[in-house]
Amino acid sequence: MSKTTTVSQFRLVGQLESFIIKKGDKIKYLRMKVEEKEYWLKIPKKLRSEIDINMIPGTWLEVTGNQEFKKKKGVFELEASQVKLLPHPDKPCAVIISETESSDTGKILVCQKSSCWKRGGESVCQQLEQKLEQQGLSDRVKVKLTGCLKQCKKGPNVVIMPHKARYCQVQPREVEQLLNKHFTT
């Protein structure tokens, strides 16, 4: 099973600070000021040709794209998908549209540390994803792999959110019962 990453959409309205340019004239990042905060936005190759490198600092822009948490660096990376010039200055704003903001969305946290994984965590994870798909819940409930849940000897360990229900020694055959208990009416 692949590790899941959290990707959210964003919209920024603010002023251009500068560009970070690599290898001559290739825009790597766009620095943008929104109110008192500065953002560095990664510019993908397909978007570089659409941006005027001679834009003056202070130019008002609206930028939309995706935000992804980079675990190794411990930071959020913002990647632009669209950059628009705003001829009439707009009110500065930064909006992150999270995939988990919806109240009907749930999460199932599964410990992925070696102790839980050896005790059947991977099978439980696969069963969770399969049953969520079969029951039509995969759009409402997401499986997230986590670090240690502090019950290593009682693995595999699972936490069901938003209920914060903890389960130890979960077996694949118990998955359907857990889903029925927490996510079906």
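User: Which residues does N157 touch, not counting residues up to four places away in sequence?
Analyst: This is a predicted model. N157 has its place in the loop between β8 and β9 (158–161). Leaving out residues up to four places away in sequence, N157 touches L109, V110, C111, C116, L149, Q151, C152, Y167 and C168.

User: Is N157 buried or exposed?
Analyst: The cut-off for buried is under 20% relative accessible area. N157 has 2% relative accessibility, so N157 counts as buried.

User: Which backbone oxygen lies 2.9 Å from a polar atom of the N157 side chain?
Analyst: Q151 is among the residues that N157 touches. A polar atom of the N157 side chain lies 2.9 Å from a backbone oxygen, that of Q151.

User: Where is the cis peptide bond at P156, and what is its omega?
Analyst: P156 is found in the loop between β8 and β9. The cis bond runs from G155 to P156, with omega near -5 degrees.

User: What is the phi of K150, and is K150 buried or exposed?
Analyst: K150 also lies in the loop between β8 and β9. Its phi is positive, near 65 degrees, in a residue other than glycine. The cut-off for exposed is over 50%. At 66% relative accessibility, K150 counts as exposed.

User: What is the strand order in the open sheet of four strands?
Analyst: The edge strands are β8 (141–146) and β10 (165–167), each pairing on one side only. The twist averages 20 degrees from one strand to the next. The pairing is mixed, and the order is β8-β7-β9-β10.

User: How many bridges join β7 to β8?
Analyst: Strand β7 covers residues 106–111 and runs parallel to β8. The number of bridges joining β7 to β8 is six.

User: Which residues of α3 are buried, and why do they line one face of the helix?
Analyst: An α-helix has 3.6 residues a turn, so residues three or four places apart point the same way. In α3 (residues 175–183) the buried residues are V175, L178, L179, H182 and F183. Seen down the axis of α3, they fall within an arc of 100 degrees, so they line one face. On the other side, Q177 and K181 are exposed.

User: What covers the buried residues of α3?
Analyst: The buried residues include L178 and L179. Their cover includes β7, α2 (114–134), β8, β9 and β10.

User: What is the phi of Q169?
Analyst: Q169 is found in the loop between β10 and α3. At 49% relative accessibility, Q169 counts as partly exposed. Q169 is a residue other than glycine with a positive phi, near 50 degrees.

User: How many residues lie between β2 and β3 in their hairpin?
Analyst: Strand β2 (residues 26–34) and strand β3 (residues 37–42) run antiparallel, joined by six bridges. K33 stands opposite E38 in β3. E35 in the turn has a positive phi of about 55 degrees. The hairpin has two residues between its strands.

User: Which side chain makes a polar contact of 2.9 Å with that of R31?
Analyst: R31 is found in strand β2. Beyond four places in sequence, R31 is in contact with Q15, L16, E17, S18, I20, E38, Y39 and W40. The polar contact of 2.9 Å joins the R31 side chain to that of E38.

User: What separates the C-alpha atoms of R31 and F19?
Analyst: R31 and F19 are 12 residues apart along the chain. Their C-alpha atoms are separated by 5.8 Å.

User: Which residue in β5 stands opposite L41?
Analyst: Two bridges join β3 to strand β5 (residues 75–85), and the two strands run parallel. Opposite L41 stands L78.

User: Over which residues does pLDDT stay under 50?
Analyst: The mean pLDDT is 83, and 88% of residues reach 70 or more. Where pLDDT is low, the predicted coordinates should not be read in detail. The model has seven contacts beyond four places in sequence for the stretch under 50, residues 99–104.

User: How many helices and strands are there in the protein?
Analyst: From the N terminus, the elements run β-β-β-α-β-β-β-β-α-β-β-β-α. Of the 185 residues, 37% count as buried. The protein has three helices and 10 strands.

Notes:
Residues numbered from 1 in each chain as written. Predicted model: local features only at pLDDT ≥ 70, side-chain atom pairs only at ≥ 80, totals over all residues. Heavy atoms only, no water. Pairing = 2+ DSSP bridges. Axes fitted to C-alpha atoms, helices over the stretch in contact; angles between N-to-C directions. Buried < 20%, exposed > 50% of the residue type's maximum accessible area, 1.4 Å probe, protein only. Polar contact = N/O pair within 3.5 Å; in protein donor to acceptor, adjacent residues only side chain to side chain. Contact = heavy atoms within 4.5 Å. Arc of directions from axis to C-beta. pLDDT = per-residue confidence, 0-100.
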